[in-house]
Amino acid sequence: MSGDPGFGVYVHWPFCAAKCPYCDFNSHVRHGGVDQSRFAAAFRREMAAMRARTGPRTVSSIFLGGGTPSLMDPATVGAVLEAVAAEWTVPSDVEITLEANPSSVEAERFRGYRAAGVNRVSLGVQALDEKDLRFLGRLHTVEEALAAIRLAREIFPRLSFDLIYARPGQTVAAWRAELEAAIAHAADHLSLYQLTIEEGTPFFALHRAGKIAVPDAEEAADLYEATQEVTAAHGLPAYEISNHAVPGAESRHNLIYWRYGEYVGVGPGAHGRFVEDGRRVVTFTERLPERWLEMVEESGSGIVGGETLTRAEEADEFLLMGLRLVEGIDLERYARLSGRPLAPERVRILREEGLVAPVGETRLRATPAGMVVLDALVADLAR
């Protein structure tokens, strides 16, 4: 565990070939094409505005998320990475991740990303079942997904891919078999998310109308437990509630979030959290791509809101993020942020209930049982 959580740069590419029915991310379909050079210039300009606020920093991780960043030309990716290096110090061992969809994967494009500096790719596979891929609105087939994984393993030093489970009708046995198949193709990292029905998505309307039935809480807990068992048995234990890695191959960028480090968010709908004048500030930008672009070109930034967090808010966020990690939280850091330690009696009760456990003398973590009810656990501890 590093004493410094690190500093990250998140760049949001908001465009997709199609909108998935479960997705509530800021993504947009533009059939008429996108002026990539114009967006690249705007990314650079907004980074300069962020640099004026953060001051000089050394970047631990750069993450190109979306949307579908693999719809960017390699030259656009190169321009974005050059812009980061122009504003902050970027060491040679920086982690640079690009999210990609299997349907937009081409060997030439992947090699172009690698030449631009990308050293880690995260593939949105989501399922290894043809019927469920169609249900999830994915544009690729299982074979295309496996081909993308093989290609990524050839070209990039590091690879992760995502799967969504707790899908309608999915049994524990079926999920175990699918997960075993996925691990056979995995490199050193997997992100495994339970399907959630997010308000404002097509799935939300279908679920409310009774046309989609997801596993209940007990079934979801059984699926989660099976996930932990299978991944651990294959050397990819959970290091966070939904993320699994060979020890040492954890996502540095996501660890910045969960260890409550600092990061800037650049691009339409991006969020940032960093320390400015001794206090942690939150920023968020205009979500509509075209409006964001106009704002950056007019004023240098697409920021439309934000706040300075109180100490109590910082402590609550630290607790919420840190207890997602198997390593847990540093109790002294929590006390510094909040101005008080966690209530000993509350911790004692939760320990007796098997929901939290100490890690040595200085840390506290959620147990596997606590992970299943994490939101309630955090609310209980923060009282």
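This report looks at the overall build of a predicted protein model and at some of its salt bridges.

Some ground rules come before the details. In this predicted model, local features need pLDDT of at least 70 and side-chain atom pairs count only at pLDDT 80 or more, while totals for chains, interfaces and linings use all residues. Residues are numbered from 1 along each chain as its sequence is written, and side-chain values use heavy atoms, with hydrogens and water left out.

**The whole chain**

Let's start with the big picture: the protein chain has 15 helices and 17 strands. Here helices (H or I, at least four residues) and strands (E, at least two) are DSSP runs, numbered from the N terminus. The chain's radius of gyration is 21 Å, close to the 21 Å that the globule rule gives for 383 residues, so the chain is as compact as a globular protein of that length. That radius is taken over C-alpha atoms, and the rule is 2.2 Å times the number of residues to the power 0.38. Along its principal axes, the C-alpha trace spans about 60 × 50 × 45 Å.

Of the 383 residues, 53% count as buried, that is, under 20% relative accessible area, with exposed meaning over 50% and partly exposed in between (1.4 Å probe, protein chains only). Take the contacts (heavy atoms within 4.5 Å) between residues at least 6 apart in sequence: 69% of them join residues at least 24 apart.

**Salt bridges**

How many salt bridges does a search of the whole structure find? The search turns up 21, each being a side-chain nitrogen of Lys or Arg within 4 Å of a carboxyl oxygen of Asp or Glu. Here are some of them:

| Pair | Closest N to O |
|---|---|
| Asp132 and Arg167 | 2.6 Å |
| Glu327 and Arg363 | 3.8 Å |

Asp132 and Arg167 link distant parts of the chain: Asp132 is in helix 4 (residues 130-135), and Arg167, 35 residues away, is in the loop between strand 7 (158-165) and helix 6 (172-185). Asp132 is buried at 13% relative accessible area, and Arg167 is buried too, at 1%. Both also belong to a network of salt bridges with Glu178.

What about Arg280 and Glu314? Arg280 has 5% relative accessibility and counts as buried, as does Glu314 at 4%.

Finally, Glu327 lies in the loop between helix 11 and strand 15 (329-330) and Arg363 in strand 17 (residues 363-366), so this pair ties together parts 36 residues apart in sequence. Glu327 is buried at 19% relative accessibility, and Arg363 is buried at 14%.
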